[in-house]
Amino acid sequence: MGASLDSKIPVTAVSNAAEAVCTIAASEDIAAGDYVIVDSAWLKLSGTVARVKSYAGTSLTLEGVDTTDTQQFPAGSGGGSIQKVESWVVIPQITAFESSGGEQNFANVEFLDDDQQRQIPTSKSAQTVSITIADDPAAQHNAVLKKADASRAIRPLLLALPNGSKILYNGYVSFNPTPTLTKGNIMTVKASVALVARPTRYET
C-alpha cells in the first residue's frame, strides 16, 4: 500500500493517444518505472494509478493508459495533476484477497408496442477489494492502514503476482484492527479499499 505520496504536480494537458502523454510545467523528480496517481478533468482517467513509461523535460508518458477515444476523453480537456507514490509498505501474511462489485447494471425498458421488456446497460456497480491479514499488531503496515482509515484517505494498492504481473488499485481505505477468532485458525484482521477508479494491470 502507498505509505507516502509526493506533492501534486500540475498537468496542463493530456494527449489523446494509445499511451497518454501528460504535459507538466517544469522538470520534476520522476523517472521511468515510478507510479503516479492521475487527477484529471476526464472522469474516466481520474483516480487511475499508472506506471511512468518515460519522462523527459515536460512530457510524461503513462504506460498502457489509452485515451484515444475522444468521446470518453474530449480533446484538450484532460488537464489536472499527477502525484508520485514516494514509498510503499508491504502488507504481509495475507490469507485472502477478494473483490466484490463491478457488475454491469441495466435499466429495464418496455415500449408500448412491445410485449417484452428489454435491458439497456447503464453503469457498473461500485467495486471493493477486501484483504484478510494475519493479526500482527507490531507490523509496520498497521500504522499506515490506521492512519488512512482515520483520515478517510484515498491510497494506492499494488498487488504483485508471482508471475511478475502487477495490478494497481486506488480507493478509500477502511481498516478494522479488531481480530476475528475462529477455532483452529489464526487470528485475522480486515482491510478494504473502496475503488475510485478501475484497476490498472501490467503483465511485466
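Predicted model: local features only at pLDDT ≥ 70, side-chain atom pairs only at ≥ 80, totals over all residues.
## Strand 11 and its neighbours

Strand 14 covers residues 188-195, and its pairing with strand 11 is antiparallel, over seven bridges. Thr-132 also has Ala-96 opposite it.

Strand 11 itself spans residues 128-134, and five of its seven residues are buried, so the strand is largely enclosed by the rest of the structure. In a regular strand, side chains alternate between the two faces of the sheet.

## Aromatic pairs

Three aromatic pairs are found when the whole structure is searched. One of them joins Tyr-35 and Trp-88 in an edge-to-face arrangement, with 5.9 Å from centre to centre and 90° between the planes. This pair links distant parts of the chain: Tyr-35 belongs to strand 4 (residues 35-40) and Trp-88 to strand 7 (residues 80-88), 53 residues apart. Tyr-35 is buried because its relative accessible area, 10%, is under the 20% limit. Trp-88, at 32% relative accessibility, counts as partly exposed.

Another pair brings together Trp-42 and Phe-73. Their ring centres lie 5.3 Å apart with the planes at 65°, so this pair is edge-to-face. Trp-42 lies in the loop between strand 4 and strand 5 (49-56), while Phe-73 lies in the loop between strand 6 (59-62) and strand 7; the pair therefore ties together parts that are 31 residues apart in sequence. Both Trp-42 and Phe-73 are buried.

## A charge over a ring

An aromatic ring also takes part in a contact with a charged group. Arg-51 places its charged end over the ring of Tyr-202, at 4.3 Å from the ring centre.

## Ser-46 in its loop

Ser-46 is located in the loop between strand 4 and strand 5. With a relative accessible area of 17%, Ser-46 is buried, because this value falls under 20%.

The side chain of Ser-46 reaches back to the backbone nitrogen of Ser-40, at a distance of 3.3 Å. Leaving aside residues up to four places away in sequence, Ser-46 touches Val-38, Asp-39 and Ser-40, together with Val-196 and Ala-197.

Technical notes
Residues numbered from 1 in each chain as written. Heavy atoms only, no water. Phe/Tyr/Trp six-rings, centres within 6.5 Å; stacked < 30°, edge-to-face > 60°. Helix = DSSP H or I, 4+ residues; strand = E, 2+ residues; numbered from the N terminus. Buried < 20%, exposed > 50% of the residue type's maximum accessible area, 1.4 Å probe, protein only. Lys NZ or Arg CZ within 6 Å of the ring centre and 35° of its normal. Pairing = 2+ DSSP bridges. Polar contact = N/O pair within 3.5 Å; in protein donor to acceptor, adjacent residues only side chain to side chain. Contact = heavy atoms within 4.5 Å.
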